[in-house]
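Dear colleague,

I am passing on the structure we spoke about, together with some notes on what turned up in it. Please look at the sequence and the coordinates before reading on.

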Amino acid sequence: MKETMQNKPEVEERQLHAKSGMGMLLFLLLLMAASVAAIVFGIIFLAKESFAAGGILLGAGILFGFIVGPILLAGLKILKPNEALVLTLFGKYYGTLTGPGFFYVNPFVTAVNPAAGTVPSLPAADSGAAAMQVANQTIASLNKKISLKAMTLNNEKQKINDKLGNPIIIGIVVIWRVANTAKAVFNVDNYKEFLSIQCDSALRNVVRLYPYDVSEDADGGEEEKSLRGSSQEIADILKNEIQKKVEIAGLEISEARITHLSYAPEIAAAMLQRQQASAVIDARKLIVEGAVGMVQMALDKLGENDIVLLDEERKAAMVSNLLVVLCGNKDAQPIVNSGSIY
C-alpha cells in the first residue's frame, strides 16, 4: 500500500492564461439584446399570422436568451489580488487561474475548493454570535476562490509531556500560505484541517524532545536546549517539522511561534516552589562568596597596617562573627564590650 502511494503521480499546478472578459461581456450583452428583440418580433409576426418567421425568431430568441446566454455567462470570472481559482473540466484538472482581473474561461469548467466554508470557530456566547458564525460559514462555502495571502493559524492550547515527563500547557501560532494550489486541492481532502492536525502532531513531536527548563545541576558541556530558554531555536525546529508534514499539501510555512508556555495546573505549585528554592540557593551562594571575600579583605587590611594583632583563635572568632553578620537574614544587634578581649 505504501509503495502504491509513493508511485502515485502528483498533480502539478498549471497556470491558465485566460482571455480578457470585457470583450465577451459586450458580446453577451448584444446577444441578450438581440434575443429580446427576436422574441418581440417573433410575437409580432405570430400575431400577423406569419407563423414560420415568427416561430423561428421566437425560438431563436428563447434559445440564445435563456439557454446559450446564461451558459456563456458562466465563463466570466473576477479575481482580486492574491486570489486563485482551481478549475476542472468534466472531472479533470483544467488549470489554475491567478492574478487580478476580469477573465473569460470555458463556461463548462467548475471551480474546486474543498476548504471552502472552513472558517475559524468563534466562541458563541449567545445565539446571535452562533447565527453569525453559521452565516459566515455559509458565505464562505459559496466562495470557491483560494486565498494566496499569508494567513494565521492559532490552534488551541494543548497539554503535552516534555522530555522529563512533566505535563505542560503550550500553544503556537503558525503563519502560512498556499504555494501550490493544485496540491492543496487534489492531494488532501481539506488543506486547512490538514494543516491544523499536522501542527498539533509536529508540536507533540518537538515538545517531547526538550525539557521545559534546563536543570541547574546539569553537567558541563554543550548547553541543553529547553522550551523556555531556547524559544527561537525551538521555533525554527517546529517550523521545519511542520513544513515537512505539509509539503504534500502545497503549503508554505513562513513562521511558527510559541504563544503560551506554562506548567499544567496540577504541578504548577510544586514547580513554583522548586523555582523559588533554586532562586534562594543561588542568592545564598552569591552572598556567601561575597562575605568570604569581604572577610579575607578585612583580615588582610588589619594585618598590613598592624592595627590589631590577632592570634589564630581570635581570627577564627572574628571570621565567625563577620560571616554571621554578613550572611544573616536580619540586621545584626551590636554589643559593646568595655573590657579586654583577652
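This is a predicted model: local features need pLDDT of at least 70, side-chain atom pairs count only at pLDDT 80 or more; totals for chains, interfaces and linings use all residues.

Residues are numbered from 1 along each chain as its sequence is written, and side-chain values use heavy atoms, with hydrogens and water left out.

**The chain overall**

The chain holds nine helices and 11 strands, where helices (H or I, at least four residues) and strands (E, at least two) are DSSP runs numbered from the N terminus. Of its 342 residues, 29% count as buried; here buried means under 20% relative accessible area, exposed over 50%, and partly exposed in between, with a 1.4 Å probe and protein chains only. The accessible surface comes to about 22,000 Å², and 60% of that belongs to carbon and sulfur atoms; the areas come from the Shrake-Rupley method with a 1.4 Å probe, and for residues only the protein chains shown count as cover. Among contacts (heavy atoms within 4.5 Å) between residues at least 6 apart in sequence, 69% join residues at least 24 apart.

Helix α3 covers residues 51-73, and its 23 residues should span 33 Å at 1.5 Å a residue, which agrees with the 31 Å between its end C-alpha atoms; the expected span is 1.5 Å times one less than the number of residues.

For helix α6 (residues 191-207), the 17 residues should span 24 Å at 1.5 Å a residue, and the end C-alpha atoms are 24 Å apart, which agrees. An α-helix has 3.6 residues a turn, so residues three or four places apart point the same way. The N-terminal end of α6 is capped by N190, a side-chain oxygen of which lies 3.1 Å from the backbone nitrogen of K192.

**An aromatic pair**

Rings of Phe, Tyr and Trp (its six-membered ring) pair if their centres lie within 6.5 Å, with planes under 30 degrees apart counted as stacked, over 60 as edge-to-face and the rest as tilted; by this rule the count comes to four aromatic pairs. One of them joins Y212 and Y263, whose ring centres are 4.0 Å apart and whose planes stand at 35°, so the pair is tilted. This pair links distant parts of the chain, with Y212 in the loop between α6 and α7 (231-246) and Y263 in strand β11 (residues 251-263), 51 residues apart. Y212 is buried at a relative accessible area of 7%, and Y263 is buried at 15%.

**Single residues**

N113 lies in the loop between β6 (110-111) and α4 (127-142) and is buried, with a relative accessible area of 7%. Leaving aside neighbours within four places in sequence, N113 is in contact with N143, K144, K145, I146 and Y191. The C-alpha atoms of N113 and K144 are separated by 5.2 Å, although the two are 31 residues apart along the chain, and the side chain of N113 reaches the backbone oxygen of K145 at 3.2 Å. A polar contact is a pair of N or O atoms within 3.5 Å; within protein, one must be able to donate a hydrogen and the other to accept it, and residues adjacent in sequence count only if both atoms are side-chain atoms.

K19, in strand β1 (residues 19-20), is exposed, with a relative accessible area of 69%. Leaving aside neighbours within four places in sequence, K19 is in contact with F102, F103 and Y104.

N82, in the loop between β2 and β3 (83-89), has a positive phi of about 60° although it is not a glycine, and F90, in the loop between β3 and β4 (92-98), has a positive phi of about 55°. N82 counts as partly exposed at 45% relative accessibility, whereas F90 is exposed at 69%.
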